[in-house]
Amino acid sequence: MWQDPDRVPLWRNFSFTLMWVSTAASGFGDRVMMLAALTLMGAAGADAESTSINAATQFAFFFAYFIFSLPGGWLADHLPRKWLMLTYDEARAATLLVAITLVPTTIVALGPESADWTMLDILTRYWQVLAVLFVVGTFAACFNPARTSVVPQVVPPSQLQAGNAILISISVVANMVGLVVASYIMQPDDASTIKNGLILAVILFAISGTFFAFMRVREPVRTSRKEAKLHPERKRTFKQALRYILDHKRVIQLTLLHGLTWGAAMIVYSAPFAVWKVNFGITDETELLRNYAWLSAMLGLGMLAGAAVVAWIGTRKEATLPMMVALVFAGLSVTLLAIVKIEWLVYVLSFAIGLFGNVTIIGVITLLQSITPNYIRGRVIGLDALATTIVSLCVLASVTFMPNADYNILWVLDVVGPVMMLVGALQLYRFLTTGPMPNRMANLFWKLERWFCMVWHRLEWHGRHHIPHTGPVVIASNHTTALDPFLIQAASPRMVRWLMLTSYRFKLLNPLWNAIDPICLPHRVGDGKAEDGTAQVRQIVKELKKGDVVGIFPEGHLQYDDRVLKPFEPGAAVCARLGGAVIVPCWISGTPLSKKMWVHWFKPTRSRVRFGEPMVVDRKANPEALTAELRERMLELEAEQQQDDAKWSRRHRENHGPEEAAPAS
């Protein structure tokens, strides 16, 4: 039976557990297989073009993606995805089982004559190794669209980014461990050790496929023939998928970014041999092979850290900000990797490339899954995989036949790194300075404080659609902490003008004040309080008549000692009546109870903002009656929030027992 996924943590999601265990097994098997191919082709030889051979093995594997990504996506939309994944993994195991019989009984090292060989000569000699990689890559190419498409059927939207991060983390860890373990199992001059490594890979692929049989997948409601006639746009064709992509600019941008990231990744994957041979002068085959494995492992460890960062961030809504920042730092790390000659710094930079690169990759995948409907998701993922594969193959082909690749690949890194930094910086600037706010600086502050509220304070909102898109609005809220205006603004699609005393308008923060344009009220000399009378009301009404949104706290002060709604002042009702504005009641909960301002800001919380239906204000209405009605509506919002908390607590108790049933606060 399908459990309510929003109430089941990922570590208790049985199907997701099977998924990451299978991912670990197949990832381990992939690395063992790839290192066996490199060993058989003599990539660790002192006179070998190690970078070109490494790129050639990657090319043979990923060329299958170019051919089979689209068919794999089509199959993922037409057949049960878990059974497809089982079939593909078992087929990989069978392919490697056959490949074991092709491993020679003795390894013959490349002789001195190989120094005059072209790369084509080497590829011709080892065509069987490349053919096996292509066949295994074929099943992997079909497997990936199915796995990426099935994740939202196993993991709920609220856990999707964390789920992707965990899956990629497990895959990276398995790849990292598999590569290091394989470097100690397999010896360049001992064929039996290579066979032992491949037998291990066969077992792992067989285990991975078997686990998918027990996975429970939430199947979508199938479209009936009648519905298909009513909705011809949902026909399962690649033409329709391509049209969907072309009609959605965001999907195109994500696909291009994915292609850039993977193209850079292919260059970095090809470079470890060059780093050790050129910058450090290592020529011993065993030492070179192990240094290659450890550098790749550090890259994987960085990817694991990047996945952990993404899982901690949690929110999908603001994924673009960390994606672009990560792309800038990944580019910087790639640039430095090619020139540094300090061993420990090489490992640090490799770790940084993995960390920042994986933040970008997970963000792209999560956004693609989130904005693409299930009925077409497999083909969209397949087209995305095709695009990234084309970029990757072009890169790998260029590296494979690059003259003096061990040296020239380092120059390529010094070009790719700055390109990544430039793209990341431009997209970051565009993202931060565009949006619903009236000017660039306001959008910048809104995006930053929104990210802070959603990540650090785990902000959730309900009823945002109650805020009118146009016209004057008064948002009236309870006042719990100094963070309240920022929580409401983060949840609001329109800029909210807040009231503040002129004494708090510090010149140091003038860029902020100019951006958010607060309504500054004069204060009485000596007590730091706003002046009484109609002057401040007149000023607020003036702003409302411009069609602005004004935020007011009717309580007049913070709830320092408890969370009990205090008596209201009539200012909100009076201003709304005179300014022709509607009043949107708002309730804030989950914020910390403290008199210390720094606690309000920096203590992690699970804050919630709930907007109620707007109150249409009659100009002849009595302000006291309006204030009383507003207070009642806010108490109703509090009751609704408490009901939601009670439902959460009850369901959580059903799943985890009474000791874990306390609602988040």
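1. Start with α13 (residues 320–337) and α14 (residues 343–371): their axes come within 8 Å and cross at roughly 150°. Axes here are lines fitted to C-alpha atoms, for helices over the stretch in contact, with angles from 0 to 180 degrees between N-to-C directions. The two helices are therefore roughly antiparallel (angle over 145 degrees), and α13 passes α14 in a left-handed crossing.

2. Residues of α13 in that contact (heavy atoms within 4.5 Å) include Met-323, Leu-327, Phe-329 and Leu-337, and α14 brings, among others, Ile-353, Phe-356, Gly-357 and Gly-363. By class, the contact has 17 nonpolar, five polar and no charged residues; Gly counts as polar, and Ala, Val, Leu, Ile, Met, Phe, Trp, Tyr, Cys and Pro as nonpolar, with Asp, Glu, Lys and Arg as charged and the others polar.

3. A word on provenance: this is a predicted model, where local features need pLDDT of at least 70 and side-chain atom pairs count only at pLDDT 80 or more, while totals for chains, interfaces and linings use all residues. Numbering runs from 1 along each chain as its sequence is written, and side-chain values use heavy atoms, leaving out hydrogens and water.

4. Now α3 (residues 81–100) and α5 (residues 127–154): the axes come within 9 Å and cross at roughly 160°. That makes α3 roughly antiparallel to α5. The contact residues divide into 14 nonpolar, three polar and four charged.

5. Asn-404 sits in the loop between α15 (374–400) and α16 (405–433). Its C-alpha is 7.4 Å from that of Glu-49, 355 residues apart along the chain.

Technical notes: Helices (H or I, at least four residues) and strands (E, at least two) are DSSP runs, numbered from the N terminus. Angles under 35 degrees count as roughly parallel, over 145 as roughly antiparallel, 65 to 115 as roughly perpendicular and the rest as oblique. A crossing is left-handed if the near helix is turned anticlockwise from the far one by less than a right angle, and right-handed if clockwise.
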